[in-house]
Amino acid sequence: MSDIPDIIGGRPEAAVDDVFRALADASRRRLLDRLRARDGQTLRELGEGLAMSRQAVSKHLAVLETAGLVTSARRGREKFHHLDPTPIQELSDRWIGKYEYGEPGRTRRSPKEEFPMDKPEFVYVIYIQTTPERLYEALTDAEFAQRYFGGWGPKSDWRVGSPVLWKMGPEGAYEDLGQAVMEAVPDRKLAYTWHRILPMHRQLFDDEAEFERARTEQSQVAFDIQAAEPASLGVKLTITHDGFESADSEMLKGVKEGWVMILSTLKTLLEREAA
């Protein structure tokens with residue numbers, strides 16, 4: 001029996017083959033390099049200066065998306081493409097790290113450190129074994145949200161323009177922190193404005209003026225729900241949290257780690273109930 005696992009980093013072996021095929025083409029590697037240099041580009045921007053037609057660039061991006069190396073999100077009429085280095089890191093861990101010289105199991109830099117994003121935004125993709133209907137319900141059910149937010153969480157009637165109330169801890173009450181529903185398409189997309197820096201965050205700032213400036217920043221978060229390809233991966237959830245004034249935003253620093261933990265818990269809860 002082979003000692004090579006059927007799943008690497010949570011991906012079926014067939015999906016790993018897609019990553020190898022995507023990386024085998026020089027034009028696709030060049031597109032990845034462009035996204036590494038500046039994440040969040042449109043099809044037009046990615047094709048500038050390349051000896052390829054827009055149609056060719058689009059086909060290459062489709063291959064990269066199938067492999068999970070690129071994810072896209074629409075904002076208005078524009079479609080922005082983002083690099084997801086996770087599949088490359090997984091291949092490195094499985095196929096390169098095992099054969100490296102040096103001390104086994106040494107610590108590596110995380111994908112975020114290897115591929116820093118220049119734009120002040122956070123984009124994250126996760127695959128969950130559930131249905132689009134159940135995932136949307138989980139994102140909009142106040143009681144269920146408290147389970148994966150750790151006692152915190154949003155509450156709203158989820159109509160565009162309605163306030164999004166926020167529960168500040170298990171013992172707290174729902175408060176109006178100035179958040180509002182921006183978009184709500186059942187089973188497909190949910191977006192709302194995020195709360196500003198709160199008085200409890202004062203300790204993160206060196207001086208009062210810096211704190212007051214930070215309190216004017218208003219970001220927003222969007223959840224895009226799609227059927228995954230291949231279907232065996234379940235549902236693809238893309239979260240985009242943007243609107244930050246700079247890459248040094250304290251709120252941006254906080255949501256980067258926060259969303260990963262929250263969505264990991266959400267995935268665990270949904271997959272456990274589906275088992």
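These exercises work through a predicted model of one protein chain.

**Exercise 1. How many helices and strands does the protein chain have, and what percentage of its residues is buried?**

Step 1. The secondary structure comes to 10 helices and 11 strands.
Step 2. The protein chain has 275 residues, and 43% of them are buried.
Step 3. Next, the surface. The accessible area is about 15,000 Å², with 51% belonging to carbon and sulfur atoms.
Step 4. Then the contacts. Among those with a separation of 6 or more, 56% join residues 24 or more positions apart.

**Exercise 2. Which strands pair with E11, and in what sense?**

Step 1. Locate E11: residues 235-242.
Step 2. Take strand E5, residues 122-128. E5 pairs with E11 in the antiparallel sense over 7 bridges. One of the bridges links Tyr127 to Lys236.
Step 3. Take strand E10, residues 220-227. E10 also pairs with E11 in the antiparallel sense, over 8 bridges. Here Ala222 has Thr240 as its bridge partner.
Step 4. Check the cover. In E11, 8 of 8 residues are buried. Val235, Leu237, Ile239 and His241 point one way, while Lys236, Thr238, Thr240 and Asp242 point the other way.

**Exercise 3. Is Lys189 buried or exposed?**

Step 1. Lys189 lies in strand E9, residues 189-193.
Step 2. Read its relative accessible area: 15%.
Step 3. Apply the cut-off. Buried means under 20%, so Lys189 is buried.
Step 4. List the contacts beyond four places in sequence. Lys189 touches Arg74, Tyr136, Glu183, Ala184, Ala222, Phe223 and Asp224.
Step 5. Link back to Exercise 2. Ala222, one of these contacts, is the bridge partner of Thr240 in E11.

Terms used. Residues are numbered from 1 along each chain as its sequence is written. This is a predicted model: local features need pLDDT of at least 70, side-chain atom pairs count only at pLDDT 80 or more; totals for chains, interfaces and linings use all residues. Side-chain values use heavy atoms; hydrogens and water are left out. Helices (H or I, at least four residues) and strands (E, at least two) are DSSP runs, numbered from the N terminus. Buried means under 20% relative accessible area, exposed over 50%, partly exposed in between (1.4 Å probe, protein chains only). Contact means heavy atoms within 4.5 Å. Accessible areas come from the Shrake-Rupley method with a 1.4 Å probe; for residues, only the protein chains shown count as cover. Two strands pair if DSSP finds at least two bridges between them.
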